[in-house]
Amino acid sequence: MAAGGVVLEVDGVSKSFGALSALSRVGLAVSEGEVFSIIGPNGAGKSTLFNVIAGLHAPSAGRVVFRGHEITGLPPERINRLGIAKTFQITNVFPEISVGENVRVAAQSRSADSGRVASLWRAADVEVRVTELLESFGLAVKRDELAQHLSHGEQRYLEICLALATEPTLLLLDEPTAGMTPGETRDATALVRKIALQRGLTVLLIEHDMSVVMGISDRIAVLHFGEKIAEGTPEAIRSDARVIEAYLGGADD
Ligand code: ADP
Ligand code: MG
(Lines give C-alpha, C1' and ligand atoms only; values in the text may rest on other atoms or scores of the structure.)
(Ligands and ions follow the chains in the order given, each with its own letter.)
Protein backbone atom coordinates (compact mmCIF):
# COMPACT_ATOMS: atom_id res chain seq x y z
CA MET A 1 0.00 0.00 0.00
CA ALA A 2 1.08 3.56 -0.65
CA ALA A 3 2.81 5.29 2.25
CA GLY A 4 1.43 8.78 1.54
CA GLY A 5 -0.98 10.68 3.76
CA VAL A 6 -4.74 10.66 3.38
CA VAL A 7 -5.82 12.60 0.27
CA LEU A 8 -9.53 11.89 0.37
CA GLU A 9 -11.69 11.47 3.39
CA VAL A 10 -15.35 10.59 3.12
CA ASP A 11 -16.92 10.95 6.52
CA GLY A 12 -20.38 9.68 7.40
CA VAL A 13 -21.81 10.40 3.96
CA SER A 14 -25.47 9.63 3.40
CA LYS A 15 -27.53 10.35 0.31
CA SER A 16 -31.25 9.85 -0.07
CA PHE A 17 -33.37 10.15 -3.18
CA GLY A 18 -36.84 10.64 -1.76
CA ALA A 19 -37.55 7.59 0.38
CA LEU A 20 -34.59 5.66 -1.07
CA SER A 21 -31.40 5.64 0.97
CA ALA A 22 -28.69 5.28 -1.70
CA LEU A 23 -25.80 5.85 0.75
CA SER A 24 -25.86 5.39 4.47
CA ARG A 25 -23.06 6.81 6.66
CA VAL A 26 -20.27 5.77 4.33
CA GLY A 27 -16.71 6.50 5.45
CA LEU A 28 -13.46 6.11 3.50
CA ALA A 29 -9.89 7.32 3.88
CA VAL A 30 -7.90 7.04 0.67
CA SER A 31 -4.13 7.44 0.84
CA GLU A 32 -1.92 9.22 -1.66
CA GLY A 33 -0.83 7.01 -4.55
CA GLU A 34 -3.27 4.28 -3.70
CA VAL A 35 -5.53 2.40 -6.13
CA PHE A 36 -8.68 2.03 -4.05
CA SER A 37 -11.62 0.11 -5.50
CA ILE A 38 -15.31 0.25 -4.67
CA ILE A 39 -17.26 -2.90 -5.46
CA GLY A 40 -20.79 -4.09 -4.82
CA PRO A 41 -23.93 -5.21 -6.63
CA ASN A 42 -25.87 -3.01 -9.04
CA GLY A 43 -27.70 -0.29 -7.16
CA ALA A 44 -25.35 -0.51 -4.14
CA GLY A 45 -24.61 3.22 -4.32
CA LYS A 46 -21.18 3.18 -5.97
CA SER A 47 -21.88 5.78 -8.66
CA THR A 48 -23.80 7.91 -6.16
CA LEU A 49 -20.72 7.95 -3.92
CA PHE A 50 -18.60 9.18 -6.86
CA ASN A 51 -21.21 11.80 -7.69
CA VAL A 52 -21.09 13.10 -4.12
CA ILE A 53 -17.27 13.23 -4.16
CA ALA A 54 -17.21 14.99 -7.55
CA GLY A 55 -19.86 17.54 -6.53
CA LEU A 56 -22.65 16.30 -8.80
CA HIS A 57 -24.84 15.47 -5.79
CA ALA A 58 -24.86 17.24 -2.44
CA PRO A 59 -24.91 14.59 0.29
CA SER A 60 -27.87 14.46 2.68
CA ALA A 61 -25.38 14.16 5.55
CA GLY A 62 -21.65 13.85 6.10
CA ARG A 63 -18.62 15.51 4.57
CA VAL A 64 -15.94 15.06 1.97
CA VAL A 65 -12.43 16.35 2.65
CA PHE A 66 -9.79 16.54 -0.09
CA ARG A 67 -6.20 17.33 0.85
CA GLY A 68 -7.36 18.78 4.12
CA HIS A 69 -10.02 21.07 2.59
CA GLU A 70 -13.68 20.38 2.96
CA ILE A 71 -15.24 20.14 -0.52
CA THR A 72 -18.73 18.98 0.47
CA GLY A 73 -21.31 20.61 -1.79
CA LEU A 74 -18.84 22.60 -3.91
CA PRO A 75 -19.74 22.81 -7.61
CA PRO A 76 -18.13 20.15 -9.84
CA GLU A 77 -15.90 22.63 -11.72
CA ARG A 78 -14.40 23.87 -8.44
CA ILE A 79 -13.77 20.31 -7.35
CA ASN A 80 -12.17 19.49 -10.70
CA ARG A 81 -9.91 22.51 -10.38
CA LEU A 82 -8.81 21.36 -6.96
CA GLY A 83 -7.53 18.19 -8.62
CA ILE A 84 -10.32 15.61 -8.77
CA ALA A 85 -11.35 14.26 -12.18
CA LYS A 86 -14.06 11.72 -12.84
CA THR A 87 -15.00 9.56 -15.78
CA PHE A 88 -18.62 8.64 -16.17
CA GLN A 89 -20.27 5.26 -16.37
CA ILE A 90 -21.65 6.52 -19.66
CA THR A 91 -19.04 7.97 -21.95
CA ASN A 92 -18.78 11.76 -22.20
CA VAL A 93 -16.63 12.09 -25.28
CA PHE A 94 -17.66 14.71 -27.90
CA PRO A 95 -18.42 12.44 -30.88
CA GLU A 96 -18.29 15.07 -33.64
CA ILE A 97 -14.82 16.47 -33.07
CA SER A 98 -11.51 14.70 -33.52
CA VAL A 99 -9.81 12.57 -30.91
CA GLY A 100 -7.02 15.15 -30.57
CA GLU A 101 -9.51 18.02 -30.21
CA ASN A 102 -11.36 16.17 -27.47
CA VAL A 103 -8.18 15.90 -25.41
CA ARG A 104 -7.13 19.47 -26.23
CA VAL A 105 -10.46 20.88 -25.03
CA ALA A 106 -10.10 19.01 -21.75
CA ALA A 107 -6.49 20.10 -21.30
CA GLN A 108 -7.35 23.73 -22.11
CA SER A 109 -10.20 23.78 -19.65
CA ARG A 110 -7.51 23.27 -17.03
CA SER A 111 -5.03 25.81 -18.43
CA ALA A 112 -7.74 28.42 -18.90
CA ASP A 113 -8.33 28.55 -15.16
CA SER A 114 -5.47 30.92 -14.62
CA GLY A 115 -6.80 33.31 -17.26
CA ARG A 116 -6.57 33.97 -20.97
CA VAL A 117 -2.98 35.15 -21.16
CA ALA A 118 -1.72 32.25 -19.15
CA SER A 119 -3.61 29.84 -21.39
CA LEU A 120 -1.92 31.37 -24.48
CA TRP A 121 1.47 31.06 -22.86
CA ARG A 122 0.72 27.49 -22.13
CA ALA A 123 -0.57 26.53 -25.60
CA ALA A 124 2.67 24.66 -26.34
CA ASP A 125 2.42 22.81 -23.03
CA VAL A 126 -1.11 21.79 -23.90
CA GLU A 127 0.06 20.29 -27.22
CA VAL A 128 2.79 18.34 -25.45
CA ARG A 129 0.33 17.03 -22.90
CA VAL A 130 -2.22 16.03 -25.58
CA THR A 131 0.46 14.14 -27.53
CA GLU A 132 1.78 12.39 -24.43
CA LEU A 133 -1.66 11.26 -23.36
CA LEU A 134 -2.66 10.02 -26.81
CA GLU A 135 0.61 8.12 -27.12
CA SER A 136 0.33 6.46 -23.75
CA PHE A 137 -3.14 5.17 -24.63
CA GLY A 138 -2.16 4.08 -28.16
CA LEU A 139 -4.49 6.71 -29.67
CA ALA A 140 -1.85 8.91 -31.36
CA VAL A 141 -2.56 7.31 -34.76
CA LYS A 142 -6.26 8.18 -34.34
CA ARG A 143 -5.63 11.81 -33.40
CA ASP A 144 -7.35 13.30 -36.47
CA GLU A 145 -10.26 10.87 -36.60
CA LEU A 146 -13.68 11.87 -35.33
CA ALA A 147 -14.20 10.46 -31.87
CA GLN A 148 -17.41 8.79 -33.02
CA HIS A 149 -15.36 6.57 -35.33
CA LEU A 150 -13.44 5.00 -32.45
CA SER A 151 -14.36 1.54 -31.23
CA HIS A 152 -16.22 1.41 -27.95
CA GLY A 153 -13.07 0.35 -26.10
CA GLU A 154 -11.06 3.17 -27.68
CA GLN A 155 -13.75 5.67 -26.61
CA ARG A 156 -13.36 4.45 -23.05
CA TYR A 157 -9.58 4.98 -23.35
CA LEU A 158 -10.23 8.45 -24.71
CA GLU A 159 -12.48 9.18 -21.79
CA ILE A 160 -9.68 8.34 -19.37
CA CYS A 161 -7.39 10.62 -21.42
CA LEU A 162 -9.92 13.45 -21.03
CA ALA A 163 -9.97 13.03 -17.29
CA LEU A 164 -6.16 12.90 -17.09
CA ALA A 165 -5.85 15.96 -19.34
CA THR A 166 -7.19 18.09 -16.51
CA GLU A 167 -4.11 16.98 -14.49
CA PRO A 168 -5.92 15.56 -11.50
CA THR A 169 -4.21 14.25 -8.39
CA LEU A 170 -7.24 12.06 -7.69
CA LEU A 171 -8.88 10.16 -10.55
CA LEU A 172 -12.35 8.63 -10.15
CA LEU A 173 -13.00 5.87 -12.68
CA ASP A 174 -16.56 4.56 -12.86
CA GLU A 175 -16.51 1.15 -14.56
CA PRO A 176 -13.83 2.12 -17.08
CA THR A 177 -13.67 -1.34 -18.63
CA ALA A 178 -17.43 -1.67 -19.28
CA GLY A 179 -17.86 -2.85 -22.86
CA MET A 180 -14.14 -3.39 -23.44
CA THR A 181 -12.85 -6.62 -24.94
CA PRO A 182 -10.82 -8.83 -22.54
CA GLY A 183 -7.62 -7.64 -24.25
CA GLU A 184 -8.59 -3.97 -23.89
CA THR A 185 -9.53 -4.58 -20.27
CA ARG A 186 -6.12 -6.10 -19.53
CA ASP A 187 -4.28 -3.27 -21.29
CA ALA A 188 -6.38 -0.52 -19.71
CA THR A 189 -5.82 -2.00 -16.27
CA ALA A 190 -2.06 -2.17 -16.70
CA LEU A 191 -2.03 1.34 -18.12
CA VAL A 192 -4.00 2.91 -15.28
CA ARG A 193 -1.71 1.23 -12.78
CA LYS A 194 1.37 2.46 -14.66
CA ILE A 195 0.10 6.03 -14.99
CA ALA A 196 -0.85 6.08 -11.32
CA LEU A 197 2.69 5.04 -10.38
CA GLN A 198 4.36 7.45 -12.82
CA ARG A 199 2.36 10.47 -11.75
CA GLY A 200 1.84 9.65 -8.11
CA LEU A 201 -1.86 9.72 -8.97
CA THR A 202 -4.42 8.39 -6.51
CA VAL A 203 -7.14 6.30 -8.16
CA LEU A 204 -10.60 5.52 -6.88
CA LEU A 205 -12.08 2.82 -9.07
CA ILE A 206 -15.54 1.31 -9.50
CA GLU A 207 -15.19 -1.95 -11.34
CA HIS A 208 -17.29 -5.07 -11.72
CA ASP A 209 -14.60 -7.32 -13.25
CA MET A 210 -13.20 -9.11 -10.19
CA SER A 211 -9.97 -10.14 -11.92
CA VAL A 212 -9.30 -6.46 -12.63
CA VAL A 213 -10.20 -5.41 -9.09
CA MET A 214 -8.15 -8.10 -7.40
CA GLY A 215 -5.16 -7.42 -9.64
CA ILE A 216 -5.04 -3.62 -9.48
CA SER A 217 -6.24 -2.58 -6.03
CA ASP A 218 -4.25 -1.75 -2.93
CA ARG A 219 -7.49 -1.74 -0.98
CA ILE A 220 -11.14 -2.46 -1.68
CA ALA A 221 -14.34 -1.26 -0.03
CA VAL A 222 -17.58 -3.17 -0.52
CA LEU A 223 -20.93 -1.37 -0.69
CA HIS A 224 -24.19 -3.21 -0.20
CA PHE A 225 -27.53 -1.36 -0.19
CA GLY A 226 -25.70 1.90 0.44
CA GLU A 227 -23.67 0.65 3.38
CA LYS A 228 -20.00 -0.18 3.53
CA ILE A 229 -19.92 -3.79 4.67
CA ALA A 230 -16.19 -4.44 4.35
CA GLU A 231 -12.87 -2.83 3.56
CA GLY A 232 -9.42 -4.32 3.18
CA THR A 233 -6.76 -5.77 0.91
CA PRO A 234 -7.82 -7.92 -2.04
CA GLU A 235 -6.86 -11.04 -0.05
CA ALA A 236 -8.96 -9.98 2.93
CA ILE A 237 -11.96 -9.10 0.76
CA ARG A 238 -11.78 -12.32 -1.20
CA SER A 239 -12.13 -14.36 2.00
CA ASP A 240 -14.60 -12.10 3.86
CA ALA A 241 -17.69 -14.19 4.65
CA ARG A 242 -20.07 -11.22 4.47
CA VAL A 243 -18.72 -10.10 1.13
CA ILE A 244 -18.95 -13.59 -0.33
CA GLU A 245 -22.54 -13.82 0.81
CA ALA A 246 -23.57 -10.35 -0.38
CA TYR A 247 -21.64 -10.13 -3.58
CA LEU A 248 -18.87 -12.48 -4.61
CA GLY A 249 -20.72 -15.75 -4.16
CA GLY A 250 -23.11 -16.31 -7.03
CA ALA A 251 -23.34 -12.61 -7.97
CA ASP A 252 -23.96 -12.10 -11.66
CA ASP A 253 -23.11 -8.41 -11.59
P1 ADP B 1 -24.40 1.56 -8.43
O2 ADP B 1 -23.51 2.54 -9.13
O3 ADP B 1 -23.76 0.89 -7.25
O4 ADP B 1 -24.98 0.55 -9.36
P5 ADP B 1 -26.10 3.88 -7.96
O6 ADP B 1 -25.27 4.73 -7.09
O7 ADP B 1 -26.18 4.24 -9.40
O8 ADP B 1 -25.64 2.34 -7.80
O9 ADP B 1 -27.57 3.82 -7.39
C10 ADP B 1 -27.86 3.58 -6.04
C11 ADP B 1 -29.36 3.69 -5.85
O12 ADP B 1 -29.74 5.06 -5.97
C13 ADP B 1 -30.16 2.92 -6.87
O14 ADP B 1 -31.31 2.40 -6.25
C15 ADP B 1 -30.52 3.99 -7.89
O16 ADP B 1 -31.72 3.66 -8.55
C17 ADP B 1 -30.68 5.21 -7.02
N18 ADP B 1 -30.36 6.47 -7.72
C19 ADP B 1 -29.15 6.80 -8.23
N20 ADP B 1 -29.17 8.04 -8.77
C21 ADP B 1 -30.45 8.49 -8.58
C22 ADP B 1 -31.11 9.72 -8.91
N23 ADP B 1 -30.46 10.73 -9.53
N24 ADP B 1 -32.40 9.83 -8.56
C25 ADP B 1 -33.06 8.83 -7.93
N26 ADP B 1 -32.50 7.66 -7.58
C27 ADP B 1 -31.20 7.48 -7.91
MG1 MG C 1 -22.93 2.69 -11.12
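**Exercises on a predicted model**

Helix 1 is followed by Gly55, whose phi is positive, near 90°. Helices (H or I, at least four residues) and strands (E, at least two) are DSSP runs, numbered from the N terminus. The model is predicted: local features need pLDDT of at least 70, side-chain atom pairs count only at pLDDT 80 or more, and totals for chains, interfaces and linings use all residues. Residues are numbered from 1 along each chain as its sequence is written.

**Exercise 1.** Find how many residues of helix 1 are buried.

*Solution.* Take the cut-offs: buried is under 20% relative accessible area, exposed over 50%, partly exposed in between (1.4 Å probe, protein chains only). Helix 1 spans residues 46-54. Eight of its nine residues are buried, so the helix is largely enclosed by the rest of the structure. Among them are Leu49, Phe50 and Ile53.

**Exercise 2.** Work out the strand order of the open sheet, and which strands stand at its edges.

*Solution.* Two strands pair if DSSP finds at least two bridges between them. Six strands give the order 6-7-8-3-9-10, with mixed pairing. Strand 6 (84-86) and strand 10 (227-232) are the edges. Each has a single partner strand, so one side of each lacks a neighbour in the sheet. Now take strand 6: its pairing with strand 7 is parallel, over three bridges. Lys86 stands opposite Leu172 in strand 7.

**Exercise 3.** Locate Thr166 and decide: buried or exposed?

*Solution.* Thr166 sits in the loop between helix 6 (152-165) and strand 7 (170-174). Its relative accessible area is 7%, so Thr166 is buried. The Thr166 side chain reaches the backbone oxygen of Ala163 at 2.8 Å.

Notes. Chains lettered and ligands numbered in written order. Heavy atoms only, no water. Polar contact = N/O pair within 3.5 Å; in protein donor to acceptor, adjacent residues only side chain to side chain.
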